[in-house]
Amino acid sequence: MKNALATGLLGLSLMAAGPAAAEPVKIGVITTLSGGGAGLGIDMRDAFTLAIEQSGNKDIELVIEDDARKPELAVQIAQKMIQSDKVDLMTGIIWSNLAMAVVPNAVAQDVIYLSPNAGPSALAGPNCHPNYFNVAYQNDNFHEAMGQYANQDYKKTFILAPNYPAGKDSLTGFKRFYKGEIAGEVYTKVGQTDYAAEIAQIRASGADSVFFFLPGGMGIAFLKQYAQSGVDIPIMGPAFSFSQDILPAVGDAALGIRNSATWAKDLDNEANHKFVEAFQAKYGRLPSVYAAQSWDTANLILSALSKASVKDKEAFRAALKEADFESVRGKFSFNTNNHPIQDIYIREVVKEGDVLTNRIVAKAFTDHKDAYAQQCNM
């Protein structure tokens, strides 16, 4: 298994001692640290470890391993963590196809899994589970916000996304709220880097706008090729193609593009100010939405550990459900399916000095809930 890393015991002591303050806790973190999309996993890992470090809880041990964005490898790592490492909790997965490969089996073995990113619809609805908490979003959410926002300006939108669970959820979410005409709907290959054919389709479609979800390197390739193509049709998307970790690679082609997210570095609350400052001081770069979600995931765990023993699953789940922590997103609570109820914003890519980043320009939803909670029989 690649890049296995046990971080060991971190920090000094929990500021607010509770029932589990002196109890060793082992957390398995499976995330993408190499290959395509590694930047997303690195931001996830860095924010999570920093939050634990800053908490001062030296009784937490992190076992961090690289899934290399391969579902079969993620499954092997998960089984090792559960059977050999005897982890108490698991987190870290960025990609929905990996989450679908790992999470159902992990929670069935009575391991609590907290998602810092991937939010496939199946795990929010029919396959929800008391041991599964999503601290990020349900996959449709950012795209629903963009569909709602697009109604203000556009009547005929071309939409595209990769052909995997999150891609399908994304276009489903956009269409759920968009009232205009769909000029074309295309699912691309996961990991695709050449978008000439799709850009030709967009050019010929008669669309007045383009909505795309292409995270990581896929989004970088698409945006660069789109800018070079000369196609003059406005584009928009969720935060994933405009997150802080990839904006430097995209460059000025991203300027002015509007995108949806639950977080931005200019969100005005004390927890966010402290997070951005701490992350930038530690790593010398601005955090991304992946880092923000991971930071919240770590702090949710810490809040629950201050109230209940991780060995008492029922009590610990109840402590997690309370969501008694200061989220960098401001208001945060869990719905009946253990997925967030939260605000979702529209951001715009801007340049601050020489640095590309995002600023909030509007709010798309207040206290938004996902569409699948009613299918969850938990």
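In this predicted model, helix α5 passes helix α6 in a right-handed crossing. Helix α5 covers residues 141-150 and helix α6 covers residues 165-177; their axes come within 7 Å and cross at roughly 35 degrees. On the α5 side, the contact is made by His-143, Glu-144, Met-146, Gly-147, Gln-148 and Ala-150. Helix α6 contributes Ser-170, Gly-173, Phe-174, Arg-176 and Phe-177. By class, the residues of the contact of α5 with α6 are four nonpolar, five polar and two charged.

The crossing of α2 and α3 is right-handed. From α2, the residues in contact are Pro-71, Ala-74, Val-75, Ala-78, Gln-79 and Ile-82. They meet Asn-97, Leu-98, Ala-101, Val-102, Asn-105 and Ala-106 in α3. The residues of this contact divide into nine nonpolar, three polar and no charged.

The aromatic residues come next. How many aromatic pairs does a search of the whole structure find? The search finds 21. Two of these pairs are set out in the table, since a pair of aromatic rings is described by the distance of the centres and the angle of the planes.

| Ring pair | Centre to centre | Angle between planes | Geometry |
|---|---|---|---|
| Phe-212 and Phe-222 | 4.8 Å | 45 degrees | tilted |
| Phe-332 and Phe-334 | 5.2 Å | 85 degrees | edge-to-face |

The rings of Phe-212 and Phe-222 have their planes at 45 degrees, so the pair is tilted. This pair links distant parts of the chain, with its two residues 10 residues apart. Phe-212 lies in strand β9 (residues 209-212), while Phe-222 lies in helix α8 (residues 217-229). Are Phe-212 and Phe-222 buried or exposed? Both Phe-212 and Phe-222 are buried.

In the pair of Phe-332 and Phe-334, the angle between the planes is 85 degrees and the arrangement is edge-to-face. Phe-332 is buried, as is Phe-334.

Which residues do ring pairs link into a cluster? The cluster consists of Tyr-137, Phe-142, Phe-213, Phe-240 and Tyr-290.

Note on methods. Residues are numbered from 1 along each chain as its sequence is written. This is a predicted model: local features need pLDDT of at least 70, side-chain atom pairs count only at pLDDT 80 or more; totals for chains, interfaces and linings use all residues. Side-chain values use heavy atoms; hydrogens and water are left out. A crossing is left-handed if the near helix is turned anticlockwise from the far one by less than a right angle, and right-handed if clockwise. Helices (H or I, at least four residues) and strands (E, at least two) are DSSP runs, numbered from the N terminus. Contact means heavy atoms within 4.5 Å. Ala, Val, Leu, Ile, Met, Phe, Trp, Tyr, Cys and Pro count as nonpolar, Asp, Glu, Lys and Arg as charged, and the others, Gly among them, as polar. Rings of Phe, Tyr and Trp (its six-membered ring) pair if their centres lie within 6.5 Å; planes under 30 degrees apart count as stacked, over 60 as edge-to-face and the rest as tilted. Buried means under 20% relative accessible area, exposed over 50%, partly exposed in between (1.4 Å probe, protein chains only). Axes are lines fitted to C-alpha atoms, for helices over the stretch in contact, and angles run from 0 to 180 degrees between N-to-C directions.
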